[in-house]
Amino acid sequence: MSSQSIPQQAPAPPLPRLGEITETVTNTIFGKAPLWWLIAFGISSALAGAFVLVLGAVALFGTGLWGINVPIVWGMGITNLVFWIGIGHAGTFISAFLLLMRQSWRNAFSRYAEAMTLFALATAGMFPLFHVGRPEWIFYFAPYPNTMILNPQWLSPLVWDAIAISTYGGISAIFWFLDLIPDIAAMRDKAKRPIPRAFYGFLALGWRSDSNHWERLHKTAYILAALATPLVISVHSVVGLDFAIGNLPGWHHSIFPPYFVAGAIFSGLAMTVIVGIVLRSGYEGLKDFITMDHIDKALKLMLITGLLVTYGYMAETFGGWYKADAFELPLIIERAIGPYAPFYLAMLFFNCILIQLLWFKPVRKNIALILVICVGILIGMWLERFVIVSVSLSYTYLAPTWEVFNFTFWDILTIFGPFGFFFAQFLVFIRFLPSLPISETQQHAVEVAHA
Amino acid sequence: MADSNAQPLNQVQMGAIVVAVIGVVITAIGALSDVDHFFQIYLVAFFFWTEIALGCLAFLMIQNHVKGEWGFAIQRILAAGARTLPLIAVLFVPVILGLSRLYPWVTTSPAQAGYMNQGFFLLRSAIYLAIWIGLAYAITGLSYRNDEAGDTGIFRRAQSLSSLGLVLFFLTTFFAYIDWMMSLNPEWYSSIFGWLGNSRQALSAFAFSFLILFLLKDHKPVSDFATKRARIDLGTLLLVMLMIWAYLSWIQYFVMWAANLTSKVVWFDPRLTTSWGGVARFIAFAHFIPFILLILPGFKRNMRNVVLVAGGLLVLRLVDVFWFVMPEFLPNFSLRWWDLGVPLAVGGIWMLVFLWSLRGHDLVPQNDPRLYAVPEESNYDTALPAS
């Protein structure tokens, strides 16, 4: 549209007071820690402690503490790895992909979603580290030059995983920090005491809000976004390939890579919305920035990705039936009516049926229902990973070795502990760094005022 | 009914008539010499043009949600493309006639006989076509109605219809691809096949729309919409579609290559190990040219450049469909002199229906309040590199 076809409006509406946005965001940090933050941090740290306990025990006594054995050699370690990497995906999707699509509503989410990416990756990274059983030798994953020319097994998707995830983590960290620089500078300028001023001053890298600075920042952010978007696809595709290449009934599906990407964004958006709602209710001032409209849009995206995941289930199950495969079909039937049926049916309920409520606008406005649906999605997507990883391994090509997974005490801790580890990191982040991108929120406010 | 005499459209129409006539004559002569081969090549032509029409329908529905600036420029092209679906239903009749010559499951009894039998196949095909035609006419009808009425309620209806329509679309295309294309080899199943087909549709429809937009770009109502930004966005989206297609194609190959299971490689084996392997390599490497060109900074600013790429991509689509279908019938790659006649005959007829549909209505949507919701270029955007 050229500008002349937009009807002239009479007087321009008043601009939002941009200083207020800065105040609101910086106040969440310079103010005293609210009670809910202290309680949340306490609980998260306790859970994180449990997680550290599990990892320590596994390192000392071996991976047998987890209920893994032949044929189910992949248990909680890999299930959680896939789950947590998935949680991270929404961050980059929101900050990079939606930036390329010029969706400026993303700004309210982008900062904390990107932070979630980093913390989820840090959490996910723990699992392969300890699942291999020899964390002290993990450096063999890196193709470092050595005199014995000992290289990683390039044909193994696990090595691709190590490369894909570390690349992804690196780019995400740079992208996140670049976006933070102007806001850290704002923190520096608002800080009253010398130690915070020095701390933020050091991190601000001498930012002066010069127009040259801005131009370079935007260009770099755009280039990094263009680099990060394929990474969102590639990382979870590689995770999908871990299974698809594994040549097992329930694993060997060509749809796995793209459908893992959809599932990752699906679960990540659920976590983003939950955190958004918590931030809104925790800091009154943020309500004006993380609005119900933002949440509505995220929920719509969630519905779309959820439908893609449902399509994946359909394509996979239909194939087993259509081909009447001697191994695939028994797996599909066992999954639905065998000992794992509660897991599988709960997964279908949370990922395919419950989300249909999101078609209706009143549901997308009801905070309680939204929380129920989002928590349901997290449970459903965790179950999906469990069904793919451990349930498929239970029904291999050798029927006499069929086995049912036994959860041990340590498995249960491994399910809940990482949530504490993740949220403890996240809570530290929102105490010390701006959880909303100040300048981009101002930009969006100006655009909305003009529209 | 403004501006239905755009000069380039007249030329295209004349061209389409000539191509259709020549194509039909060549096809008729060829079909007399080898009926089996006629049906095989006809299937290739049918898929090629059906994918364009279906891609138009899908983007029309997506546009009702995304409301991108680029979408308004090509909205009526997509609408006309979607409204050719009744013709696709007619064009399906020869496929039905050739059913026993094309699909091995008709004569043998396959493992999935409960699903793959003639009666059920025809019933399903009728359902797919009915759903697509219904969606295309309902959604374009609402938009045309609004040209006169200018009623915002219409858009809300079009939007809800598009949401439901997209769900139906992905479901029906999933099964249509299994029935029409995958079951040429009943031994084989690939769960990604539906999405791969959708990505081909996207690529075809985008490239095709871009060509038509180029023809109309200097004509008054269209030129207002084909802004520089919309054109660059269309070029970028073409690149995105290309990347999605390449990603899905490669993943399908890679997963099956790595596992090397008999039941999975039965499809790739004739397509890669015989002289068809050369065609496969040509398809793979030829797509790098548009990829590199579209990614070059500044290339997309000139519409003429992108038109060349879009035309090349369309030709590659035809080669691609040929490679998908023909190895089931020909053990080695070969061409006959009349092979190109069939897609041209079908294409000429399809094009005439498309043009008739395109010229029956305004070339751009009228009274669309959403047009004013397209934001002006903000400072933030201009700070970004334009391509």
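**Overall form of chains A and B**

For the 387 residues of chain B, a compact globule would have a radius of gyration near 21 Å; chain B has 21 Å, which agrees. The model is predicted. The C-alpha trace of chain B spans about 60 × 40 × 40 Å along its principal axes. Its secondary structure consists of 17 helices and 0 strands.

In chain B, 57% of the 387 residues count as buried. Contacts were also sorted by sequence separation. Among those in chain B between residues at least 6 apart in sequence, 83% join residues at least 24 apart. Chain B carries 24 positive and 22 negative side chains. The centres of these two sets lie 2 Å apart.

Chain A has 15 helices and 0 strands. Its radius of gyration is 23 Å, close to the 22 Å that the globule rule gives for 451 residues, so chain A is as compact as a globular protein of that length. Along the principal axes, the C-alpha trace of chain A spans about 75 × 55 × 45 Å.

Buried residues account for 55% of the 451 residues in chain A. Of the chain A contacts between residues at least 6 apart in sequence, 82% link residues at least 24 apart. Chain A exposes about 18,800 Å², and carbon and sulfur atoms supply 71% of this area. Chain A has 25 positive and 24 negative charges.

Technical notes
Residues numbered from 1 in each chain as written. Chains lettered and ligands numbered in written order. Predicted model: local features only at pLDDT ≥ 70, side-chain atom pairs only at ≥ 80, totals over all residues. Heavy atoms only, no water. Helix = DSSP H or I, 4+ residues; strand = E, 2+ residues; numbered from the N terminus. Rg over C-alpha atoms; globule rule 2.2 N^0.38 Å. Buried < 20%, exposed > 50% of the residue type's maximum accessible area, 1.4 Å probe, protein only. Contact = heavy atoms within 4.5 Å. Lys, Arg positive; Asp, Glu negative; His and termini not counted. Charge placed at Lys NZ, Arg CZ, Asp CG, Glu CD. Areas by Shrake-Rupley, 256 points an atom, 1.4 Å probe, with all protein chains shown as cover.
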